[in-house]
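Biologist: Let us go through this model together. I will ask for the grounds behind each description.

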Amino acid sequence: MTGRSLARTRVRAAWTFLAPTLIVLAAVAGWPLLRTVWFGFTDADLSDISRYRFIGLANYLEFDNGEWYGVLADAQWWGAVWRTLWFALVSVSLETVLGMVVALALNVRFPLRGVLRAAILIPWAIPTVVSAKMWGWMLNDQFGVINHLLMSLHLIAQPVAWTASPDLAMWAVIVVDVWKATPFMALLILAALQMLPADCYEAGRVDGIHPVRMFFQVTLPLIRPALVVAVIFRALDALRVFDLIYVLTSNSNSTMSMSVYARQQLVDFQEVGYGSAASTLLFLVIVMLTMSALVLTRFRVDGESRT
Amino acid sequence: MTPIKLLGRIGFALLMLAIIAFAVFPFYYAVVSSFRSGSELFQPALWPDHLDLRNYVQIFTQQAFGRNILNSLAVAAAVVAASLVLGVGAAYALGRVRFRGRGALLLTVLGVSMFPQVAVLSGLFELIRALGLYDTLPGLMLANMVLTLPFTVWVLTTFMRELPKELEEAAFVDGASPLKLIWRVFLPLLWPAMVPTGLLAFIVAWNEFLFAFTFALSADARTVPVAIALLSGGSSQELPWGPIMAASVVVTLPVIALVLVFQRKIVAGLLAGAVKG
């Protein structure tokens, strides 16, 4: 066999092995996404999804009888958008800082290191629905252990309705999200730390540079690419948050995220058209934020070399 | 040791203990609560004073929790198997063969793994309805592929690419077909990557809630997360916290055990998928 025909055989084989994956991905991701976008322009209904009319942009925005209708005119939708963005910003920031602390700790030898690594894997392994229920029980206003502890320490005089009060519920969601996602962040940062060259630290120590300065001037710039990846991954997760909010705060309006809003329209109200419009907007928001993050950090994703 | 250094050490140790406690306490408290029932449950206790197994008995006798577990196991096992089989083939193509459009394909795969689930919900609903799979386990398996397949392909591709180049050249000269090559040469080398990837896919499918909550709601097809979310007692006033905690412990213990046993491999797998990617 000549080199050229060998290469051709290999390329043909490559496509044969790729085909099943591409077909499955097209069926469960590509096609459904296109259908969702299409449904967003129709008045489809969940009870009979095969009968619908094309109604243009009416699900997004429509002026009728002196009033604006559609997702873009719905104050609840915009509330969900800002709430989700705020949630993603706060929880990912907290997770990055905490994850950095845990990663730096795991990167040095100390007696509790093995215990710490095993311990932080536990929140990550617990199903989101289960963690929401566990925290829901701990934060229970009447019988929860957190109110019990805070009251016996006289930090609060009365039981607090953590998950039901509109001001606090979002913070409860953030605490649980930080608890659950920090391990992921810590592990990614740890991997980056372990790939750092040891010799520049040696040089720094000989020159007597303070460890804190070392961290900001050497460590942080070196692990920045990995940190960017980790933050983007987590932010994407946070922007589509659903399970945690839905189970912990039981579908309340004061904690509604974009995903919760879209699902409520789609499933609870059976409005496939309107819900699909909201889903499409959610998708666009996420795509735009990802793109701008990639551009802003000048991050290269080319599948070959890594920044 | 100077006093300042000593103080620093103590502060560090306290911080680590606080982090460990924060990580472990919620699950510990769920275990403690699951052994208490009736009015006992409403007096918070930090230690299990006795083992009352009534909650555990209740979820298996009064609820179809055994059935839910079998459903979840079936879905997760099928999804893991399908993702690995498809993923190995795709990873061979994307990791070992140079062809035009490879970078774009990898980016597409990565892009799919970032899809918000809600964005495909109505399209998937229509597809699953059309295939006659609504409210069945196969429908749920199909839906879960969108969550597990992209990262399986991604992690295995990264791993494949690192393997030495001479591997397939020798085999090709011998005239081995690509299928034989994957089976004989790559598969034995891929195990270290397939174990953590399969485990991660298993956890994703085992934990999945939104699809299961939309496509398989009936008692027969319900998976564990949906069953726990919908668990309610005789009275509508207060949730049955005892059984909920017992169910939570039952579904979480095997996952925690797996994760702790395989912790080094999982950490390595996560890193291959994310940092190098």
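Modeller: Domain bounds here come from an automatic or database domain assignment. For chain A of this predicted model, that assignment gives domain 1 (1-32) and domain 2 (76-296). Their centres, taken over C-alpha atoms, are separated by 38 Å.

Biologist: Which elements make up chain A, and in what order do they run?

Modeller: Chain A has 11 helices and two strands. From the N terminus on, the order is α-β-β-α-α-α-α-α-α-α-α-α-α.

Biologist: What makes a residue of chain A count as buried, and what percentage does?

Modeller: The test is 20 or more other C-beta atoms within 10 Å of its own. In chain A, 42% of the 307 residues count as buried.

Biologist: How do you know that chain B is in contact with chain A?

Modeller: A contact needs C-beta atoms within 7 Å. On that basis, 75 residues of chain B are in contact with 80 residues of chain A. Helix 5 (residues 117-130) of chain B gives the most to its side, with 12 residues. By class, that side of chain B has 60 nonpolar, 11 polar and four charged residues.

Biologist: And within chain A, what share of contacts between residues at least 6 apart in sequence join residues at least 24 apart?

Modeller: The share is 67%.

Conventions. Residues numbered from 1 in each chain as written. Chains lettered and ligands numbered in written order. Predicted model: local features only at pLDDT ≥ 70, side-chain atom pairs only at ≥ 80, totals over all residues. Contact = placed C-beta atoms within 7 Å. Helix = DSSP H or I, 4+ residues; strand = E, 2+ residues; numbered from the N terminus. Nonpolar A, V, L, I, M, F, W, Y, C, P; charged D, E, K, R; others polar. Buried ≥ 20, exposed ≤ 12 C-beta atoms within 10 Å, placed from the backbone.
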